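I opened a new notebook page for this model. I wanted to look up a few sites and write down what I found.

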Amino acid sequence: PPSRPKQIFVKIPKMSRTDRLGIVIAAQNGRLCVSRLSPGGRMEQSPLQVGDFLLSLNGMQCHSLPADELMEILRNLEGFLSIVVQTPNGVEDQTMLCIFKPKPTDRLGINFKQVGG
């Protein structure tokens with residue numbers, strides 16, 4: 001299997017309370033981790049995998065939050081969710097950024113330019 005980066009940052013829209021992300025977080029060995037990604041949920045298409053450790057949620061450090069409190073925050077969230085995870089066996093010094101658009105026709109406003117020859 002291809003190697004994964006050590007950290008993954010995902011920004012995904014959750015436009016209402018009824019918008020289902022399809023992610024379940026649980027405590028494992030004193031750390032919060034992704035325990036399930038539900039088929040059809042918004043996070044199913046993200047690079048997250050079961051076993052990834054949760055580092056932060058919308059800029060808030062998550063290591064001291066109980067899993068049930070974190071799941072309640074996810075359920076009630078509206079707007080954009082920013083989540084950072086650490087992969088168990090990821091490649092050091094590599095980070096992945098993944099941004100989901102609210103609608104496929106929306107523009108992200110990111111331009112890429114080739115530098116050099």
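**Ser 46 and its surroundings**

Leaving aside neighbours within four places in sequence, I find Ser 46 in contact with Val 10 and Phe 100. I keep in mind that the model is predicted.

Next I placed Ser 46 in the fold. Ser 46 sits in the loop between strand S3 (31-37) and strand S4 (53-57). Is Ser 46 buried or exposed? The relative accessible area of Ser 46 is 9%. The cut-off for buried is under 20%, so I log Ser 46 as buried. I then checked the polar side-chain atoms. One polar atom of the Ser 46 side chain lies 3.2 Å from the backbone nitrogen of Leu 48.

**Cysteines**

I searched the whole structure for disulfides and got zero. I looked up accessibility for two cysteines. Cys 33 has 3% relative accessibility and counts as buried. Cys 62 is at 0% and also counts as buried.

**Largest pocket**

I turned to the largest pocket. Its space comes to about 180 Å³. Which elements supply at least two residues each of its lining? I noted strand S2 (23-28) and helix H1 (67-76). H1 gives the most, with three residues.

I went through the lining residues. Among them are Lys 14, Asp 19, Arg 20, Arg 36 and Arg 75. The lining also includes Leu 21, Ile 23, Val 24, Met 71 and Leu 74. Gly 22 and Ser 38 are on the list too. By class, I log five nonpolar, two polar and five charged residues in the lining.

Definitions and conventions:
Residues numbered from 1 in each chain as written. Predicted model: local features only at pLDDT ≥ 70, side-chain atom pairs only at ≥ 80, totals over all residues. Heavy atoms only, no water. 1 Å grid on protein atoms, 1.4 Å probe; cavity = no way out; pocket = protein on both sides within 12 Å on 5 of 7 lines; lining within 4 Å. Points joined across faces, edges and corners; volume = space filled by probe spheres on them. Helix = DSSP H or I, 4+ residues; strand = E, 2+ residues; numbered from the N terminus. Nonpolar A, V, L, I, M, F, W, Y, C, P; charged D, E, K, R; others polar. Buried < 20%, exposed > 50% of the residue type's maximum accessible area, 1.4 Å probe, protein only. Polar contact = N/O pair within 3.5 Å; in protein donor to acceptor, adjacent residues only side chain to side chain. Contact = heavy atoms within 4.5 Å. Disulfide = S-S within 2.5 Å.
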